[in-house]
Amino acid sequence: MTASLTLSPEAQRVLPHLTGRDPAYPAPWPDGSRLTARDLGHLLPLAYRTPGRGSAAFSMRCLVEDQVRQRQPEFTPASCLALYEALVDGLEKRKWADLSLAAGALLRCPGGVPAAELAGPARVLTEFMIAAGRLESPWTLLAVAAVAGMAEVTIMPEEPTTSLAAAERDLVLSFDPAGRAVLAETGPGSYGAPPESPDTWERLAERPAYVAFARTALDSAGERLAAIHAGELPFRADKAFTRAEVATLGRAARLALFRDEPWLPEPLGKLLSLVAVAPTQAKTPPSQALLFEIARAAERFPTPEVIAALRAARAATRHAGVVKQLDRMIKRAEPGLADRVEVALRMPSLGFGPGGRMEATLGAHQAVIAPGESGEFALTWRQGERPVKSVPAAVRKEHPEEVKRLRELVKQVNRQVSTMTRALEAGFAAESTLPYATWLAQVARHPVASSVAARLIWEIEHAPGEWRATLGAPEEPGLPEDTPVRLWHPARATTDEVFRWRERITEERIRQPFKQAFREVYLLTPAEEGAARSERFAGHVVDYRRLYALFKTRAWQTPMLGPWDGGGEGEATRTISTWSGGDPGDGTRMPADRWRVALRHDYLHDEPGEYALTGRIRFDRRDGGGWREAPPAEVPPLVFSEAMRDVDLFVAVTSIATDPEWAERGQGRHLDYWRETSFGTLAASGEVRRDALARILPRLAVADRCTLDGRFLVVRGDLRTYKIHLGSGNVLMDPGDVYLCVVPERKTDARLFLPFEDDSRLALILSKALLLARDTEITDESIIGQIKG
């Protein structure tokens, strides 16, 4: 059977143009996403040999290489040998060979690599790259050298023998070619290399010698930092570890976090506490590079313990730039806990008792740490039954260390609650479930976690497909231990059920840690049902800096745009995993699918400030090692709803329509957009805001002056009547729909009850209503002048 007969029809269309047998440009253009993994393995050696530009062959080469960079090619023994021979043949012209491709092929050849046939080309490649001094990645070189049978090669000559990187190198020299290739996958690959193999860390975890090395390396790093702090080793800002050592420790941390090693929290917590702050008054820590590398490891494989340790390091460091960077990295790591359901809710009790309460007697006074109405833990003081407003003077004088410990404990428990809350909300789209026994131990009976769970709605599957919702975390005796438990989501509920839960949350004045009962639900529109992409949120003019900051806060990945070449357009992406109900036997569940949502946005170069224009939304589905675009109609409803909710949030917060001063400051630019959006049709977030207001307004002192009318909250003052738009929060005055510019204060009235914590727009609208209902009491001359003008 010829090679061409084993290829897919799309690959057979590409092949004659790639090899030059057909010099014409193909019509229609081939769809690279239709090429199979085996196609890519066969076509890549041919693409590597294709020279020149401006030809159909070169265009086909680019098509193949683009797919390889996004996906996982699969090689047969024949195509693996063809790749090595193509790399050798390209040496004379390129003066370089992409050893990342050569090493990666060793892991992507299910039929087994032809070791004897590869040895000759591998030796040529190794000797050439060493002679040329082209050693971008030592692990790829070591992998190819092992294929060649070369026992020793010189790499990392700058590392001293005591270096942790040198110890790692000596260990890896004992590995077979596949083992060395696994190490190559963990480092930065070449531009043309495929993404990291999906089973890289599983393969590395199967090597006991490297697992043992990871623990030793992290322990040694902590000991070195302790010696620096003790003055036994000299302190040099950001020089405690070499660049190669930072990479080594990053791999060690990733492997230990991936394995969720029980021994890890203590040494990693110690390491982070020492690496974040200098032993002197210097601002730069002993190794800023290592601190960030471990934070990147936590982004990849987060655990509650490493995030708590990073938060503690963030609180200790004196470097303002480090604080900002850690804030961004922690916010990206926390949602990743939703992809690790087996560790997401694991929290230490920290000595708290039932209800998340802790008491300590200090002399004649009692210190109490407990969650307040908002769920945030706070330290209060009592003398007998009488509350004391602040730390008593006698306690401050006689027990300063204990007061300090209690204050730090409040910070620690609030950090843990924040991490748990982010993980729970991020798990909405994944439809994460927990076995009932695990849920009881880690949520219902946990002194700290239960303070969060008590304000959420949970569902328990009493029979296949029969889920019953309950508020809080009550125990139900007799349930099997493996009964699934999950968070309730309004997208799975009837309209009547949603109505009842919203009524109860409001009546009982329960402040949920995030929107749940009042959560927006986004359904496919008729336009989206048959479309390849969604245009629902396209065409919005937004404040780019605020948009970029929100991307980072919500764990979306995107490059920075700006007025430079290549900075005019970009995509922000978020990856969401869905979970299967299966159990592989070790107590964990495997992700059933992975989805990626991408929001296009363009930088507006002609604006006086920094603004962007939103574009279409695209969905991709994980397909093997790559991504394949999927129409909105194929996206799971919860994945679609949660992705659209994020985009709605981005637009709602950053649109110029929410800027009350734009009409005066915009100088006519996008004024039509501002007017249309400021007072136009409500998005889903505005509809939910209207529903929440319908329940909150009757409880306000100004209830008799407020009514809901379509997309407006109408407020009757003594001087005029005002219409507050439920989307933008902007105000029109009757008669005549005259615009009223009210710049909000940064603080909102703490006495206002809101049924959830993450809608500042609702608080803004309520504060404006309270202000305008008593318009005769307004003292701000700029507002009074507009009202009376």
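The model is predicted: local features require pLDDT of at least 70 and side-chain atom pairs pLDDT 80 or more, while totals for chains, interfaces and linings use all residues. Residues are numbered from 1 along each chain as its sequence is written, and side-chain values use heavy atoms, without hydrogens and water.

Helix α12 spans residues 208-229 and helix α14 residues 265-275. Their axes lie 9 Å apart, at an angle of about 35°. Axes here are lines fitted to C-alpha atoms, for helices over the stretch in contact, and angles run from 0 to 180 degrees between N-to-C directions. Helices (H or I, at least four residues) and strands (E, at least two) are DSSP runs, numbered from the N terminus. On the α12 side, the contact (heavy atoms within 4.5 Å) is made by Leu-218, Asp-219, Ala-221, Gly-222, Leu-225, Ala-226 and His-229. Helix α14 contributes Pro-267, Lys-270, Leu-271, Leu-274 and Val-275. By class, eight of these residues are nonpolar, two polar and two charged. In this scheme Ala, Val, Leu, Ile, Met, Phe, Trp, Tyr, Cys and Pro count as nonpolar, Asp, Glu, Lys and Arg as charged, and the others, Gly among them, as polar.

An open sheet is built from four strands in the order β1-β2-β3-β4, with antiparallel pairing. Two strands pair if DSSP finds at least two bridges between them. Strands β1 (358-362) and β4 (386-388) are the edges, each pairing on one side only. On average, neighbouring strands are turned by 30° against each other, direction ignored. Strands β2 (residues 365-371) and β3 (residues 377-383) are joined by six bridges. Gln-366 has Arg-382 of β3 as its bridge partner.

Helix α20 (residues 400-426) lies across β1, β2 and β3. This helix runs at about 145° to β3. Asn-414 belongs to α20. Its relative accessibility is 17%, so Asn-414 counts as buried; the class means under 20% relative accessible area, with exposed over 50% and partly exposed in between (1.4 Å probe, protein chains only). Beyond its neighbours within four places in sequence, Asn-414 contacts Glu-376 and Phe-377.

The disulfide count is zero, a disulfide being a pair of cysteine sulfur atoms within 2.5 Å. Cys-62 is partly exposed because its relative accessibility is 28%. Cys-706, at a relative accessible area of 9%, is buried.
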